[in-house]
Amino acid sequence: MAAPLLEARDVSKRFGGVAALRHAQFSLRPGEVHALIGENGAGKSTLAKILAGSVKPDAGRILIDGQPAAIASPLDAQRLGIGIIYQELDLFPHLTVGENIVIGNLCFPEGRLTSPRNVDAFCRPFLEQAGLECGARRMAGSLSIGERQLLAIARALSMNARAILMDEPTSSLFDDAAERLFGLIRELKDRGVSIVYVSHKMDEIFRVCDRATVLRDGETVETVEVAATNAGEIIRLMVGRNLQIAARPYRRPLGEVVLEAHGLTSGKLKDVSFQLHRSEVLGVAGLVGSGRSELGAALFGLDRIRAGAIHLRGSPLQPASPRDAIRRGIGLLPEDRRLEGLMMRMSVIENSTLAVLARMQKLGFIRRRQEISALGPVVRQLALNCPSLASPAASLSGGNQQKVLLARWLLLDPDVFFLDDPTRGIDVGAKQDIYRIIDGLAAAGKGVMLVSSELPDLLRCCDRILVLSNGRLTAVYDAKEATQETIMASATSFGPHMRKPVKDAP
Amino acid sequence: MLDLLRRAQSLAALSGILVLAILISPVASDGSRIFLQPGNLTDILRQISLIGIIALAMTFVILTGGIDLSVGSLLAISTTLTAMALTRAWPHASYTSHILRAILASHILRAILAAVAVSTLAGAVNGAVISALRIQPFIVTLASMIGVRGLAKWLSSNENIDIGFGRDVAAEFAAVFRQKAIVIGSYACAAALFWILLARTVFGRHVRAIGDNEKAAEYAGLPIRGTKIWVYSLSGLLSGFAGVLYAAENHQGNPNAGVAYELDAIAAVVIGGTPLTGGKGSISGTIVGTLIMGVLTNMLRLKNVDSNVEMMIKAVIIVLAVAVQGRDSDK
Ligand SMILES: Nc1ncnc2c1ncn2[C@@H]1O[C@H](COP(=O)(O)OP(=O)(O)OP(=O)(O)O)[C@@H](O)[C@H]1O
Ligand SMILES: [Mg+2]
């Protein structure tokens, strides 16, 4: 057997008191798709970053083609043919899509001007392959998070790498875009490119990966042939025990209507009407750019409402700002935890209590003891794994950052929750915890709207599912009757497929 | 952890400079080191007090990711107004009896309040324009730095308003407010208050959150506009108060006072570990930063170093301090 293309031997890395990696072993064969899996905080991103030169290991060796390699910087890695798609999508928001691709890109012909025309010509094929349907001249900051993910993919493709590390590349992609990525992965593989694939989505692992290396607490547990194992086995390796997948909860009787939208129209939405009941989990499905996040933005006072009406607990609601919406009892968990959610330099505890400080103060002074005691149960409920509550959010793994954000809204405890992809980047075990929490919210009489890129999860969690396409509501399904296929069909259709209410002639 | 390290760094820098200052200090005739004489040490504290006070509020401004270039002009308008109120409104009265002294105190108090109120208001306007019109703080405060300076010069017809040494209100005011104990005490009180404000209150938490990630702060429903208006008002308030102390110390209201103070204040904040991008920093850091600048100046002056050379040395110190902090602040 040929020498592995990329190999990590006995790699260790500590961040302060936390051992992110302990003698981790990893080896990538030429032309294989190799999954890297493990719970939140297991060290997957750290290993990927070490291989890509953006984090320096404390100990251990990296070998390329069997030869010891010095990868001291991302540029070194690029020179050695290693590309990476970071989990946290570090793009330059004030540069255009094209500029984001060519900046620091060794494959962009040197000496060529970065004139928009040259950049366009260079980027077009990669944008097409990645399926990002926007000009190369658009500002990266104006892309949705799903589109940013596609941009990161295009950038990695453009580097002509021999090995591409993909850290949760589909965490914000809806099925069609993910599907395209799988096609792309197969193509790359045929060309002999190796891929490291980090994901929490089991079905993806089984569809695209050849082998899988499981990390637990920074140690390599085992590397397995994917064809010779099953999801249960992999999950057992990941968490070290058997995992109970929570069954779909029995149907609760719905309460009164808590939120009602009628003919809601904003910049993106067109004439959207729905009702949300207490004790109901209402799913929102749609492709990237279908308006599912904009629905939250309209309800939360972020987008101006152009026409239509919203009623909250029976009284009209015209939220002028998120602050206003929160005061009225709507909470929105934003899709992009880095841009819209967390204060990265502030501690876990400060991040969690930010929206509820008014309840934890006396004469403007924060009551720290109350802060800690309020957070305790939520931290346990979420199984938050962090060095300490005083450590900055930036030092947490992606999934645990997501949990901190969720903690903020659980503490606020509004009447209506709009959860925009709350399980983004969350491991299989923790995902069950979050779904249990959502069930609990519904049982407590809250109205919950749940956006997710993962249809199986919507089907499991929701009572009803709204499907949006191009800003319009195209269908409303009872979750018991819907299937992934019917939802996909409605999500890709552009006309209203909803049965028109029968109008009785007076 | 990182926080501790960084604070330890600037403390280490301060101790280093202190040791150096002691070592190279000239020796007095009785064999003691002049740098260590109580008179000299309190002189240092008095000299840094004005910039120190301004730097406290500047820390808040920079924490929100903003900047306040107008502090020097705000100091000038306040110092001018203080002197004008004391010399023009109550010019020649001299006070001796107890009752009259009470009247005197109330005159002085009103003059101070008026001056500080005007600069606070100007700060509030800065904040309101920045948050309502969404113009960059640099531009807005640059404009008010120019405009307010103009106002101060116009009000005083571009003349210094001298406070005499007689027995009138103005002179009494100066006699009280130029005492070392009052100046240093004011700085100490302001520092304590602002430390508590940042570390213990909801307002302080909001300030840091907005600087760390303003968009996320909006999503979390924080009062962004209100917080910014308060922050710039506080900057006006402290600059105004520094202006009052300036009038007493220099025995005059000088519309040209405080030029380039904003730069010294910003330098103190930055040396103290608050990056200009905001989100991270502390009042204790700013105090250490202010002390570093003060001790350095004193040390060089005691050695009779040319003031131009002094500026060059300070320039190096600023860059060094930030370079050292910059390294561990990225990831
Ligand atoms: N910059 C940092 N500073 C301090 N600790 C860090 C830093 N980056 C990662 N860690 C810690 O290292 C451990 C591994 O983190 P890593 O991001 O590699 O996890 P992960 O497996 O990618 O998790 P996830 O699935 O949540 O993305 C975590 O405990 C995390 O808190
Ligand atoms: Mg990760």
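**Close-up views of a two-chain model with ligand 1**

**View 1. A site shared between chains.** Ligand 1 is surrounded by residues from both chain A and chain B, so the site is shared between chains. Its shell holds 22 residues, and the closest are A:Phe15, A:Ala20, A:Ser45, A:Ser395 and A:Gly399; a residue belongs here if its C-beta atom, placed from the backbone, lies within 6 Å of the ligand. Three elements of chain A give two or more residues to this shell: β2 (18-28), α1 (44-51) and α14 (398-412). Helices (H or I, at least four residues) and strands (E, at least two) are DSSP runs, numbered from the N terminus. By residue type, the shell splits into 14 polar, 5 nonpolar and 3 charged. Here Ala, Val, Leu, Ile, Met, Phe, Trp, Tyr, Cys and Pro count as nonpolar, Asp, Glu, Lys and Arg as charged, and the others, Gly among them, as polar.

A word on reading these views: this is a predicted model, in which local features need pLDDT of at least 70 and side-chain atom pairs count only at pLDDT 80 or more, while totals for chains, interfaces and linings use all residues. Residues are numbered from 1 along each chain as its sequence is written, with chains lettered from A and ligands numbered from 1 in the order in which they are written.

**View 2. Where chain B meets chain A.** Across this interface, 23 residues of chain A are in contact with 19 residues of chain B; contact means that the C-beta atoms of two residues, placed from the backbone, lie within 7 Å. On the chain B side, α8 (202-212) and α9 (214-219) each give two or more residues. The largest share, 6 residues, comes from α8(B). This side of chain B has 8 nonpolar, 4 polar and 7 charged residues.

**View 3. Chain A on its own.** Look for 17 helices and 22 strands in chain A. Its radius of gyration is 23 Å, close to the 23 Å that the globule rule gives for 506 residues, so chain A is as compact as a globular protein of that length. That radius is taken over C-alpha atoms, and the rule is 2.2 Å times the number of residues to the power 0.38. Of the 506 residues, 52% are buried, which requires 20 or more other C-beta atoms within 10 Å of a residue's own, all placed from the backbone.

**View 4. Chain B on its own.** Chain B has 13 helices and 2 strands. Its C-alpha trace spans about 65 × 60 × 35 Å along the principal axes. Buried residues make up 48% of its 331 residues.

Notes:
A residue is buried if 20 or more other C-beta atoms lie within 10 Å of its own, exposed if 12 or fewer, and partly exposed in between; C-beta atoms are placed from the backbone.
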